[in-house]
Amino acid sequence: MTNEKKSLSTSLIYFFGALGGLLFGYDTGVISGAILFIEKQLNLGSWQQGWVVSAVLLGAIIGAAIIGPSSDKYGRRKLLMVSSLIFIVGALGSAVAHNFELLVASRIVLGIAVGGASALIPTYLSELAPADKRGGIGTMFQLMIMTGILLAYISNYALSGFDLGWRWMLGLAAVPSILMFFGGITLPESPRYLVRKGQEDEALAVLTKLQDNSEAAKDELADIKLQASMANGGFKELFGLMARPVLVMAMGLAIFQQIMGCNTVLYYAPTIFTDVGIGVFNVIVTWVAMKMMDKVDRKKMLIWGAWGMGISLFIMSFSMHFSGQSQAAAYICAIALTIYIAFFSATWGPVMWVMIGESFPLNIRGLGNSFGAVVNWGANAIVSLTFPPLLNYFGTGSLFIGYAVLCIAAIWFVKRFTIETRNQTLEQIEADLRSRAHAKGWREDEANITEHIAR
């Protein structure tokens with residue numbers, strides 16, 4: 001195979017591997033336009049509208065909790081294909097739903113697929129990518145999310161003039177879902193999973209296809225075999241001494257990504273930009289982040305991002321107090337919002353998913369990433385539920401000051417509790433965790449030692 005053909009082949013692997021992110025973005029973004037028409041045609045009250053919008057969040061928590069751990073048992077590729085089928089069922093079910101109950105049920109099904117994708121895809125991409133390209137390849141997931149949101153905004157605009165346009169808005173998600181399923185047929189299984197199942201020849205074939213040369217693939221296989229000797233783990237290992245540093249890191253990053261105001265600030269964006277304009281801007285900034293990810297340390301990106309977001313929020317808050325009296329203040333507010341979106345989309349948006357996907361030990365990687373995704377979706381739900389009452393109590397300007405303070409707190413957390421993962425193989429990251437745990441008196445269980453000797 002020529003270098004050009006090999007490059008195209010590997011690019012397609014990463015593309016289809018990340019495609020679930022597009023469905024993630026589309027299904028969470030499309031409802032903002034569709035709900036206006038659903039409300040009228042299905043005669044929904046405000047409480048019912050809230051359920052239709054938030055049903056995906058409920059499903060996402062369920063999906064993240066189930067699909068991630070299942071991938072440790074059945075394989076990343078198989079669960080990606082299962083997720084694509086769930087996406088198809090949820091999309092078509094939403095499109096044909098004729099009452100509130102069926103629509104909410106279909107949206108929950110969609111959420112299961114969305115949550116599963118958020119737990120599974122970062123893991124899959126991190127296990128396929130070479131260490132020096134893992135950040136950029138992992139960021140493809142966030143790029144796909146932003147592209148999906150953009151496509152949702154475009155479909156909302158294009159179909160808004162039709163009586164049954166909302167059904168097409170929701171149903172169109174089935175098209176990339178079908179593409180994802182058939183693309184998944186051609187995807188390789190994760191080499192880490194294959195080694196754990198004793199399929200070392202197949203794992204070497206995948207690594208050779210993805211690496212620049214066969215010797216590098218053999219070296220990586222040897223490192224994987226060493227880490228794969230650990231027996232399958234569960235919650236005991238997840239909360240154990242070895243995995244505790246990355247568990248704390250994953251939980252903190254997942255929570256801070258939400259409580260720094262990423263979703264609530266964007267509620268105000270449509271009053272300043274068009275939805276499509278925001279979508280295009282997010283895609284461009286995320287693409288820039290993808291190019292930067294393997295050139296700048298992850299921790300630096302998070303710290304710079306938190307500073308940029310925090311300062312922008314302080315400026316936004318100050319400007320909002322005067323925006324009704326001064327046109328200049330309104331312009332400053334718009335500029336601050338733009339800067340905030342840029343910093344989030346270039347740093348905390350993609351980096352959180354990349355770091356969670358690459359940090360957990362192999363024997364609990366699916367479970368660990370699932371746990372991080374559940375925490376992230378849970379934080380998302382809490383922020384969404386608390387935002388309206390907090391807004392009524394504090395007002396926009398004061399509430400954004402609170403989010404700005406949380407951005408500063410995130411800087412402290414990153415400095416204190418995160419580990420740097422750039423340019424390290426997954427096996428090097430795990431070996432470092434094991435060394436730290438040994439230094440604190442941790443020892444492998446007898447079961448792990450016995451399995452290692454047997455292999």
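Trainee: Which residues are linked in a network of salt bridges?
Mentor: Asp72, Arg76, Glu127 and Arg365 make up that network. Keep in mind that we are looking at a predicted model.

Trainee: Okay, and how far apart are N and O in the salt bridge of Glu127 and Arg76?
Mentor: The distance is 2.9 Å, N to O, between the side chains of Glu127 and Arg76. This pair links distant parts of the chain, with Glu127 in helix α6 (residues 100–128) and Arg76 in helix α5 (residues 76–96), 51 residues apart.

Trainee: Is Glu127 buried or exposed?
Mentor: Glu127 is buried, because its relative accessible area is 0% and the cut-off for buried is under 20%. Arg76 is buried as well, with a relative accessible area of 2%.

Trainee: How many salt bridges does a search of the whole structure find?
Mentor: The search gives 12 salt bridges. One of them pairs Glu427 with Arg192, whose closest N and O atoms are 2.9 Å apart. Glu427 sits in helix α22 and Arg192 in helix α10 (residues 191–196), so that pair links parts of the chain 235 residues apart. Both Glu427 and Arg192 are buried.

Trainee: What about Asp297, which residue does it form a salt bridge with?
Mentor: Its partner is Arg422, and the closest N and O atoms of the two are 2.8 Å apart. Here both residues are in loops: Asp297 between α16 (275–292) and α17 (298–320), Arg422 between α21 and α22. They are 125 residues apart in the chain. Asp297 is partly exposed, with a relative accessible area of 23%.

Trainee: Let me stay with that α21 to α22 loop. What is the phi of Asn423?
Mentor: Phi of Asn423 is positive, about 65°, although Asn423 is not a glycine. Asn423 lies in the loop between α21 (396–417) and α22 (426–439). It is partly exposed, at a relative accessible area of 41%.

Trainee: Changing topic: how many residues are in the largest nonpolar core?
Mentor: That core has 130 residues, and Ile38, Leu253, Leu313 and Trp348 are the ones with the most contacts inside it. The element that gives the most to this core is α6, with 13 residues.

Trainee: Which residues is Leu313 in contact with, leaving aside neighbours within four places in sequence?
Mentor: Leu313 is in contact with Met260, Val265, Tyr340, Phe400, Tyr403, Ala404 and Cys407.

Trainee: Last one, helix α7. What span should its 26 residues have?
Mentor: At 1.5 Å a residue, helix α7 (residues 134–159) should span 38 Å. Its end C-alpha atoms are 38 Å apart, which agrees.

Trainee: And where is the kink in α7 centred?
Mentor: The kink is centred on Phe141 and comes to about 25°.

Trainee: Is α7 mostly covered or mostly open?
Mentor: Helix α7 is mostly covered, with 21 of its 26 residues buried.

Methods: Residues numbered from 1 in each chain as written. Predicted model: local features only at pLDDT ≥ 70, side-chain atom pairs only at ≥ 80, totals over all residues. Heavy atoms only, no water. Helix = DSSP H or I, 4+ residues; strand = E, 2+ residues; numbered from the N terminus. Buried < 20%, exposed > 50% of the residue type's maximum accessible area, 1.4 Å probe, protein only. Salt bridge = Lys/Arg side-chain N within 4 Å of Asp/Glu carboxyl O. Core = buried A, V, L, I, M, F, W, Y, C linked by side-chain atoms within 4.5 Å. Contact = heavy atoms within 4.5 Å. Expected span 1.5 Å × (residues − 1). Bend = angle between axes of the 7 residues up to and from the residue.
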